[in-house]
Amino acid sequence: MTVKKILSYVLLIFVPISIAAEYLHWGTMTVFVTSGIAIVPLAIWLSTATEEVAIVTGPSIGGLLNAVFGNATELIIAFVALKEGLVDIVKASITGTIISNLLLVMGLSMLLGGLRYKEQEFQPVVARVNGSSMTLAVTALVLPTTVIYTSSGVEPGAITNLSITVAVVLVAVYALTLVFSLGTHSYLYDVGLVELEGEAPKAESGEPAEHKPNLWLWLGVLAISTVAVAFESEIFVGVVEEATQGLGLTPLFTGVILLPLVGGAAEYVTAVSVAIKNNMDLSVSVAMGSSLLVALFMAPLLVLVGVAIGQPMDLNFNPFEVVAVAVAVAIANLISLDGRSNWLEGGLLLATYMVLGAAFYFHPA
């Protein structure tokens with residue numbers, strides 16, 4: 001049994017424990033820890049269900065499902081936090097998810113894969129397309145912040161309107177990337193829709209047996225996992241401010257470092273495990289694709305939803321967050337453009353992530 005499957009079963013025990021901790025008032029820190037751990041197996045089941053449904057529905061619809069549900073856990077947590085008015089934490093979680101995918105996930109994948117294989121290859125054209133799209137996203141995130149810090153005074157309404165305009169453009173660009181990756185140039189992204197977690201079952205002839213998931217079963221798992229993640233996220237977000245203050249952590253560090261680790265556990269395990277099996281195409285696709293989804297879809301969607309529910313969120317990020325995202329994108333692009341990776345490049349990405357993590361920890365904001 002794989003590590004991912006073990007985690008998906010064993011950690012489920014924290015779901016009832018976290019519910020008991022919440023309703024029996026076992027203390028803020030207990031609720032915070034147990035609900036955070038409980039989200040991890042639910043995120044794995046959500047990811048697995050999406051992959052299984054994708055196999056049945058075929059490459060086009062399956063790819064769209066992966067694109068939409070790829071960061072469902074992070075999106076649900078962000079929605080709940082936005083509803084509670086924790087705008088600063090939501091913004092920090094957006095930048096944190098991008099940074100962790102590009103530096104932590106790719107770094108671990110390249111390091112552990114490189115320790116087993118001297119050099120690994122992946123399609124550089126996919127990295128270039130994702131890199132170009134990420135550069136646009138970073139530019140869009142930088143502009144509202146730049147407008148504020150280069151002007152003597154900007155009306156809040158103007159920043160909100162600018163953020164809405166940028167959000168609409170980013171969503172349109174994300175739609176174009178889906179047309180490119182799932183339609184006109186889908187052959188470039190043919191790296192597999194489901195995680196390669198071991199050998200496929202063998203038929204009597206010795207050939208791999210065809211994997212045919214039960215569609216209705218996995219649709220049920222997908223629905224239940226989504227509802228359960230939303231429920232646990234309500235519990236987690238309800239205590240996150242008080243718990244992190246008790247630990248001496250700022251909202252900036254909480255959003256940038258802690259929340260992405262909780263919400264992105266499933267894709268982290270997927271990317272690293274397939275890299276160890278020498279499938280860097282899929283590993284890089286997961287890491288960069290998730291960052292792209294967050295920057296081009298999740299962030300602008302949260303801006304538009306915030307306006308709709310009366311919790312306005314603009315794209316005026318902390319300047320240090322903007323710098324950190326720009327650094328992460330620049331380094332990830334430089335390392336991935338040649339279509340080759342090794343353990344040293346993975347180590348460099350991880351070192352950059354640790355330096356940024358330390359900077360966010362000591363940042364007073």
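## The kink in helix α12

Helix α12 bends by about 35 degrees, with the kink centred on V294; the bend at a residue is the angle between axes fitted to the seven residues ending there and the seven starting there. Helices and strands here are DSSP runs numbered from the N terminus, helices being H or I with at least four residues and strands E with at least two. With 30 residues, α12 reaches 41 Å from its first C-alpha to its last, close to the 44 Å expected at 1.5 Å a residue. That expected span is 1.5 Å times one less than the number of residues in the helix. Just after α12, G310 takes a positive phi of about 80 degrees.

Before going further, a word on where these values come from. This is a predicted model, in which local features need pLDDT of at least 70 and side-chain atom pairs count only at pLDDT 80 or more, while totals for chains, interfaces and linings use all residues. Residues are numbered from 1 along each chain as its sequence is written, and side-chain values use heavy atoms, with hydrogens and water left out.

## The protein as a whole

The chain folds into 14 helices and two strands. Of its 365 residues, 50% are buried, where buried means under 20% relative accessible area, exposed means over 50%, and partly exposed lies in between (1.4 Å probe, protein chains only). The protein exposes about 16,100 Å², and carbon and sulfur atoms supply 68% of that area; accessible areas come from the Shrake-Rupley method with a 1.4 Å probe, and for residues only the protein chains shown count as cover.

A contact means heavy atoms within 4.5 Å.

## Nonpolar cores

A nonpolar core is a set of buried Ala, Val, Leu, Ile, Met, Phe, Trp, Tyr and Cys residues joined through side-chain atoms within 4.5 Å. The largest one has 90 residues, and I94, I98, I99, L102 and L302 have the most contacts inside it. Helix α12, residues 280–309, supplies the largest share of this core with 15 residues. Apart from it lies another core, of eight residues, including L46, A49, V53 and L222.

Leaving out residues up to four places away in sequence, L302 touches L75, A78, F79, L82, V90, I94 and M313.

## Helix α5

Helix α5 has 12 residues and reaches 16 Å from its first C-alpha to its last, close to the 16 Å expected at 1.5 Å a residue. This helix is mostly covered, with 10 of its 12 residues buried. Among the buried residues of α5 are L75, A78 and L82, along with T73 and E74. Just after α5, G85 takes a positive phi of about 85 degrees.

## Salt bridges

The structure holds four salt bridges, each defined as a side-chain nitrogen of Lys or Arg within 4 Å of a carboxyl oxygen of Asp or Glu. In one of them, E234 pairs with K83, the closest N and O atoms being 2.6 Å apart. This pair links distant parts of the chain, with E234 in helix α9 (residues 215–246) and K83 in helix α5 (residues 72–83), 151 residues apart. E234 is partly exposed at 34% relative accessible area, and K83 is also partly exposed, at 43%.

R340 forms a salt bridge with E119, the closest N and O atoms being 2.7 Å apart. R340 lies in strand β2 (residues 340–341) and E119 in the loop between α6 (87–116) and β1 (120–121), so the pair ties together parts that are 221 residues apart in sequence. R340 also bridges to E121, with the closest N and O atoms 3.0 Å apart; here strand β2 is linked to strand β1 across 219 residues. Shared partners join E119, E121 and R340 into one network. Within this trio, R340 is partly exposed at 36%, E119 is partly exposed at 42%, and E121 is exposed at 52%.

S225 lies in helix α9 and counts as buried at 5% relative accessibility. Not counting residues up to four places away in sequence, S225 touches L42, W45 and L46.

V169 sits in helix α8, residues 156–184, and is partly exposed at 45% relative accessibility. The C-alpha atoms of V169 and P300 are separated by 8.8 Å, though the two residues are 131 apart along the chain.
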